[in-house]
Amino acid sequence: MSKKIAVFVGSLRKESYNLKMAHALAGLAPPSLELEIVDIGRLPLYNQDYDDEGKPPEAWTAFRQRVKAFDGVLFVTPEHNRSVPAALKNAIDVASRPYGKSVWARKPGAVVSVSPGAMGAFGANHHLRQSLVFLDVPVMQQPEAYIGGAAQLFDGEGRITNEKTREFLAKFMETFATWVARNSS
Ligand SMILES: Cc1cc2nc3c(=O)[nH]c(=O)nc-3n(C[C@H](O)[C@H](O)[C@H](O)COP(=O)(O)O)c2cc1C
């Protein structure tokens, strides 16, 4: 049976390179992985009062339940001021609470970061890894995926134009499939 992987895209814009990358990765993944993008754009900002009062927003509850049902997690993110975009950090925070009820723990994960810049959003990639380590997500160490030059990466249909990059990403997804199989509980 294939493993279900939740994909979180750190950009909310329609023409996002990261969203295009998420779709491309879904196409490149081996059949043992089934990728599904989970929307993070409508989650109210985390406020612990709502949990303490026992009245979490419906969107939080639905998101927590949805994430819990997946076998693994894949983050595809740009970099905002050398760190994780606020929308993605909020989603991580929402699903990590209430205290002791985090739905992230032990879900095998991987990070792909994408930027038009040369450094491939390295800063966001590693800040994200820091949170994931704390949340007990076994994050695939290798290969690392810092994808720069995103403005030149896709054709009009969102396909990756560079053969070497496509090969690298296919290999990345194959290794992730092995990682998920090895770290599944
Ligand atoms: C608030 C903000 C901060 C940004 N900071 C960075 C940055 O630190 N490093 C970087 O490479 N690009 C940065 N960018 C540019 C993004 O990489 C660029 O907008 C990219 O297209 C966003 O990803 P997307 O195409 O998936 O939306 C920033 C963009 C915004 C809106």
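A polar side-chain atom of Arg13 lies 2.7 Å from an oxygen atom of the ligand. This is a polar contact, defined as a pair of N or O atoms within 3.5 Å; within protein, one atom must be able to donate a hydrogen and the other to accept it, and residues adjacent in sequence count only if both atoms are side-chain atoms. The model is predicted: local features need pLDDT of at least 70, side-chain atom pairs count only at pLDDT 80 or more, and totals for chains, interfaces and linings use all residues. Residues are numbered from 1 along each chain as its sequence is written, and side-chain values use heavy atoms, with hydrogens and water left out.

For Ser16 the distance to an oxygen atom of the ligand is 2.6 Å. On its own the ligand has 620 Å² of accessible area, and the protein covers 67% of this (Shrake-Rupley method, 1.4 Å probe).

The residues surrounding the ligand include Tyr17, Asn18, Pro78, Glu79, His80 and Asn81 (a heavy atom within 4 Å). Arg82, Ser115 and Pro116 are also among them. By class, this shell has 3 nonpolar, 6 polar and 3 charged residues. Here Ala, Val, Leu, Ile, Met, Phe, Trp, Tyr, Cys and Pro count as nonpolar, Asp, Glu, Lys and Arg as charged, and the others, Gly among them, as polar.

Asn18 lies in helix 1, residues 17-28. Helices (H or I, at least four residues) and strands (E, at least two) are DSSP runs, numbered from the N terminus. Asn18 counts as buried because its relative accessibility is 3%; buried means under 20% relative accessible area, exposed over 50%, and partly exposed in between (1.4 Å probe, protein chains only). The Asn18 side chain reaches the backbone oxygen of Val114 at 3.3 Å.

Strand 3 runs parallel to strand 1 (residues 3-9), joined by 5 bridges; strands pair if DSSP finds at least two bridges between them. Ile5 stands opposite Gly72. Another 5 bridges join strand 3 to strand 4 (residues 109-114), again parallel. Phe75 stands opposite Val111 in strand 4. From strand 3 the chain crosses through helix 4 (residues 86-95) to strand 4, and this β-α-β crossover is right-handed: with the strands pointing away from the viewer, the path from the first strand over the helix to the second runs clockwise.
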